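Subject: Handover of a structure for your review

Dear colleague,

Please find below the structure that I am passing on to you. My notes on what was found in it follow directly after.

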Amino acid sequence: MSDMRIAVMGAGGRMGRELVRAVHAMAGCTVAGGTEQPGSPFLGQDVGAVAGIGAVGAPILDDPLEVIAKADAILDFTSPRATVEFAGLAANARIVHVIGTTGFGTDDDAAIAAAARHATIVKAGNMSLGVNLLAAITRKVAEALDADFDIEIVEMHHRHKVDAPSGTALMLGKAAAEGRRATLGEVSVRCRDGHTGARRRGDIGFQSLRGGSVVGDHTVMFAGEGERVELTHIASDRGIFARGAVKAALWGRGRGPGLFAMTDVLGL
């Protein structure tokens, strides 16, 4: 079988360049191209040269349709609005779409689910093996410990992150809620300020910290009377997300349409 042709959307950004390097380094795939927004200084430059791996013969373009036409899969860590557009194009092309974008609204999720009727979409708040294992453990611990243990999720990211809570924190919150047989939207508490009153039994709280160059820290706390259990994942290298995304694309090759998660890719 020939190498899988993978294009990177938003190839000029920090994560985009990391994704290009990951595709180039992994066996079984090749860099097929990349996109950037109109007006980007990277337009017309070789996607490999921008990523620091040397020229690969594929320029960065502002037309996603032209890039997708030459690809078997796209890797997408861009923005909700752009991702929804790319999902529609991936559906028309019947290719694999790996989504690491976060900050979606209800309408965005519905549009992506509709695109998954024709495209193979792998969507996850976090692509790392460690975080997905953490989510599985969180679900089990939440199931084992009743609501006498309060659940709080604390996350910290670099100063440039624009959405909060992080997609990973929400993924962990959903896992905890599932363990308690609850719906996250009904028990989620996103912020506290002023005289809030006592904590409601069964709530899942979120705290978001931003600063410096932190790649991503996440802790799930189970706080009971006289004891506390903490589950923590610390990411120090964006490469873990990029490598996970490439593995997801390779996993999706030859599969039928559908909306999948990293738990499907990892067999968890």
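In this predicted model, Ile151 has Phe222 as its bridge partner in strand S10.

A second open sheet should be noted. It holds 7 strands in the order S3-S2-S1-S4-S5-S6-S12, with parallel pairing. The edge strands here are S3 (60-61) and S12 (258-260), which each pair on one side only. Within this sheet, S1 (residues 4-9) and S4 (residues 73-76) run parallel and are joined by 4 bridges. Ala7 stands opposite Ile74 of S4.

Regarding the chain as a whole, its secondary structure amounts to 10 helices and 12 strands. Its radius of gyration is 19 Å, close to the 18 Å given by the globule rule for 268 residues, so the chain is as compact as a globular protein of that length. Along the principal axes, the C-alpha atoms fill a box of roughly 60 × 40 × 30 Å. Of the 268 residues, 47% are buried. The accessible surface comes to about 12800 Å², and carbon and sulfur atoms account for 51% of it. Where contacts link residues at least 6 apart in sequence, 68% of them join residues at least 24 apart.

I would next draw your attention to the loop between S7 and helix H7 (167-179), where Asp163 lies. Is Asp163 buried or exposed? Its relative accessible area is 15%, and because this is under the 20% cut-off, Asp163 counts as buried. The side chain of Asp163 makes a polar contact with the side chain of Thr102, at 2.8 Å. Apart from neighbours within four places in sequence, Asp163 is in contact with Thr102, Gly103 and Arg210. Pro165 is also placed in the loop between S7 and H7. The peptide bond leading from Ala164 to Pro165 is cis, with omega near -5°.

Another proline, Pro64, is found in helix H3 (residues 64-68). Pro64 is buried, with a relative accessibility of 12%. Setting aside residues up to four places away in sequence, Pro64 touches Met9, Thr35, Glu85, Phe86 and Leu89. Between Pro64 and Ala49 there are 15 residues of separation in sequence, and their C-alpha atoms are 19 Å apart in space.

How many aromatic pairs does the structure hold? There is 1 aromatic pair. The ring centres of Trp251 and Phe260 lie 5.2 Å apart and the ring planes meet at 80°, so this pair is edge-to-face. Trp251 is buried, at 17% relative accessible area, whereas Phe260 is partly exposed, at 21%.

Arg94 has a phi near 60°, a positive value in a residue other than glycine. Arg94 is placed in the loop between helix H4 (80-93) and strand S5 (96-99), and it is exposed, with a relative accessible area of 52%. Arg181 also has a positive phi near 60°. The loop between H7 and helix H8 (184-187) is where Arg181 is found, and its relative accessible area of 79% makes it exposed.

With kind regards

Key:
Residues are numbered from 1 along each chain as its sequence is written. This is a predicted model: local features need pLDDT of at least 70, side-chain atom pairs count only at pLDDT 80 or more; totals for chains, interfaces and linings use all residues. Side-chain values use heavy atoms; hydrogens and water are left out. Two strands pair if DSSP finds at least two bridges between them. Helices (H or I, at least four residues) and strands (E, at least two) are DSSP runs, numbered from the N terminus. Buried means under 20% relative accessible area, exposed over 50%, partly exposed in between (1.4 Å probe, protein chains only). A polar contact is a pair of N or O atoms within 3.5 Å; within protein, one must be able to donate a hydrogen and the other to accept it, and residues adjacent in sequence count only if both atoms are side-chain atoms. Contact means heavy atoms within 4.5 Å. The radius of gyration is taken over C-alpha atoms; the globule rule is 2.2 Å times the number of residues to the power 0.38. Accessible areas come from the Shrake-Rupley method with a 1.4 Å probe; for residues, only the protein chains shown count as cover. Rings of Phe, Tyr and Trp (its six-membered ring) pair if their centres lie within 6.5 Å; planes under 30 degrees apart count as stacked, over 60 as edge-to-face and the rest as tilted.
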